[in-house]
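Subject: Structure for you to look at

Hello,

Here is the structure I promised to hand over. Please open it beside this email and follow along.

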Amino acid sequence: MKKKITIKGTKYDFKFLNVSAPILGQTDTNEKHIEIYLHDNENELNKTIVHELLHAYLFECGLVNYVDNEDLVVWFENIFFDLLKNFQNIIE
């Protein structure tokens, strides 16, 4: 499945691929595409989507020195859903 998404005003192709790969996803900020390789665990799939989006957001926000910092991206990925849950609790 292929979708178009917009990140900070820049169009990206976003694809789910039903293939076996040694990685769970990848983001190419030069070509403006994100690929997510389907896996059985929905929690891991959601974390992978957030992870790859974070790479693109860091790039499009001008934080190019951090785009490939996997420690930073994984840290954000790990707190994202908790942050979202707290945000939703606050605004309800």
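Strand β1 and strand β2 (residues 10-17) run antiparallel, and six bridges join them. Two strands count as paired if DSSP finds at least two bridges between them. Strands (E, at least two residues) and helices (H or I, at least four residues) are DSSP runs, numbered from the N terminus. Look at two places along this pair. Lys 3 has Phe 14 of β2 as its bridge partner. Ile 5 stands opposite Tyr 12 in β2.

A word on the source. This is a predicted model: local features need pLDDT of at least 70, side-chain atom pairs count only at pLDDT 80 or more, and totals for chains, interfaces and linings use all residues. Residues are numbered from 1 along each chain as its sequence is written, and side-chain values use heavy atoms, with hydrogens and water left out.

Now the turn. β1 and β2 form a hairpin with two residues between them. Lys 8 lies in that loop. Its phi is near 50 degrees, a positive value in a residue other than glycine. Most residues other than glycine have a negative phi. Lys 8 is exposed, with a relative accessible area of 56% (buried is under 20%, exposed over 50%, partly exposed in between, with a 1.4 Å probe and protein chains only). Lys 32 also has a positive phi, near 60 degrees. Find Lys 32 in the loop between β3 and β4 (33-37).

Next, the whole sheet. Four strands make an open sheet in the order β1-β2-β4-β3, with mixed pairing. β1 (2-7) and β3 (25-28) stand at the edges with a single partner strand each, so one side of each has no neighbour in the sheet. On average, neighbouring strands are turned by 20 degrees against each other, direction ignored.

Last, the helices. How do α1 and α2 cross? The axes of α1 (residues 42-60) and α2 (residues 70-91) come within 9 Å and cross at roughly 125 degrees. Axes are lines fitted to C-alpha atoms, for helices over the stretch in contact, and angles run from 0 to 180 degrees between N-to-C directions. The two helices are therefore oblique to each other (under 35 degrees is roughly parallel, over 145 roughly antiparallel, 65 to 115 roughly perpendicular, the rest oblique). The contact (heavy atoms within 4.5 Å) includes Val 50 and Leu 54 of α1 and Phe 76 and Phe 80 of α2.

Best wishes
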